[in-house]
Amino acid sequence: MYRKFCRYVALSTAGTLGFSLYVIVDTFFISVAAGTVGLTALNLFIPFYNIIFALAAMIGVGASIRYSVLKGSGDEAQADTYFTNAVFWGLLLSVPFVLIALTATPAVMTLLGAEGEILTAGVPYARLVLFFSPAFMLNHILGNFVRNDGDPSVVTAANLSGSFFNVVFDYLLIFPCGMGFKGAALATGLSPLVSMAVMSLHLQRGRNHLRFRGGPSVRRLLRACQVGFNAFVTEIAGGVITLSFNYLILGLAGNIGVAAYGVITNISAVVVSIFNGIAVGAQPLISDSRGRGDQKAVRLFRRLTFGTDFAAAALIYGLIFVFAEPLAGLFNSQNSEALMAYAVPGLRLYFTGSLFASLNIAGGSYFSASEQAGPAFWISILRGFVLILAAVFLLSALFGLTGIWVSYGAAEAAALLVTAGFLVREKARKCS
């Protein structure tokens, strides 16, 4: 079981890490091509990325958990209805984003805080990315099902292929082709198509068990969203945090402050992808063990998930603390002293929260994978909305920009008390 855990987690983490690393490269190219204007416009748009991926995660993770548990119990026909349903609703829920791309992109970017040259730069980028939202959502959903169908290696290959395509075409479209910000958006939009093409290899293999059965069902959608809500909040929390932080930072430090926070959010995307990769890799193993009634395996995989996530967090925080200055410098093509003055201490303070976030992500994923929707719901709601919003508004009022940087850690530390409480309650209930 240890080898199986290591294989699933390594492949899952490699895939999510590769996916997030292209975000870093994308941001780097944009910083070179458009400076702080590009960084600010990109950071203002990030909440829309979070919304798209959050919806895809809620449907894809939730439905694939139901699929895995049902398949583990031997009911493959019912399991397949969740695959069909997830694909249908994923495509349907992407339609509003396409409509925004066609009709309301300037209004949306203005609402997010863009104006002047930032609005001019950001609208074409946002319009192209939103137009490709069906590809983003379907790619995310398909990846979860292929992984739960016992083929994590092809998901990793798909994510890495899409990321490699994005990096290469980012450079080609931004610089040699002279498309600038639009080129970055086009490369990003096309990358999930490459990933899905690779994942289609699984559908052609003999060990593929995914079948289209049944029709659209609101009941199955709600059942999937019930256990996928933790994944939704894990993704959407980034958008909520970014919106709140952008609003407060604009008032305290202006566009340079938002650009500095853009450095932090992009590095955070990589860090959180590692925690998610570990949790997502363990999820099929926990769900399948639960479906087979093997509680000993469930406990082992839970212990390994928490331990691996926290070890990764400790290592990552140490690296960020030591290398904060060169990390910030990667995105400072204009050699702005103000950007460095905000970003370097921001990195060191903000990422204290990663130590607590790793355990909360592991806990929320465990409760979802074992179909305990209540604990997963409360962990998600508290850490993704209630605690972080309370912390950032309170601490920014008391300590200014420093309060904003430490609010993430304060919120995650408080949420960890809730996660620990649910774990203790679960253990007590099983012992009684």
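Select R211 to begin: with a relative accessibility of 38%, R211 is partly exposed, since that value falls between the cut-offs of 20% and 50%. The model on screen is a predicted one. R211 sits in the loop that joins helix 7 and helix 8. Show its surroundings, leaving out neighbours within four places in sequence, and R211 is in contact with D80, F83 and T84.

Next, go to helix 7, which spans residues 181-203, and pick S191 within it. Is S191 buried or exposed? S191 is buried, because its relative accessible area is 4% and the cut-off for buried is under 20%. Again setting aside neighbours within four places in sequence, the contacts of S191 are Y22, G162, F165 and N166.

Then turn to the largest pocket, which holds about 240 Å³ of space. Its lining is made up of 13 residues. To centre the view, select I267, V270, V271, I320 and L327, the lining residues that lie nearest the centre of the pocket. Colour by element of secondary structure: helix 1 (2-72), helix 8 (218-291) and helix 9 (295-322) are the ones that give two or more residues to this lining. Which helix gives the most to the lining? Helix 8 does, with four residues.

Last, colour the lining of the largest pocket by residue class: 13 residues are nonpolar, with no polar and no charged ones.

Technical notes. Residues are numbered from 1 along each chain as its sequence is written. This is a predicted model: local features need pLDDT of at least 70, side-chain atom pairs count only at pLDDT 80 or more; totals for chains, interfaces and linings use all residues. Side-chain values use heavy atoms; hydrogens and water are left out. Buried means under 20% relative accessible area, exposed over 50%, partly exposed in between (1.4 Å probe, protein chains only). Contact means heavy atoms within 4.5 Å. On a 1 Å grid over the protein atoms alone, a cavity is a set of points where a 1.4 Å probe fits but cannot get out, and a pocket is an open set with protein on both sides within 12 Å along at least five of seven lines; lining residues have an atom within 4 Å of a point. Grid points are joined across faces, edges and corners, and a volume is the space filled by probe spheres set on the points. Ala, Val, Leu, Ile, Met, Phe, Trp, Tyr, Cys and Pro count as nonpolar, Asp, Glu, Lys and Arg as charged, and the others, Gly among them, as polar.
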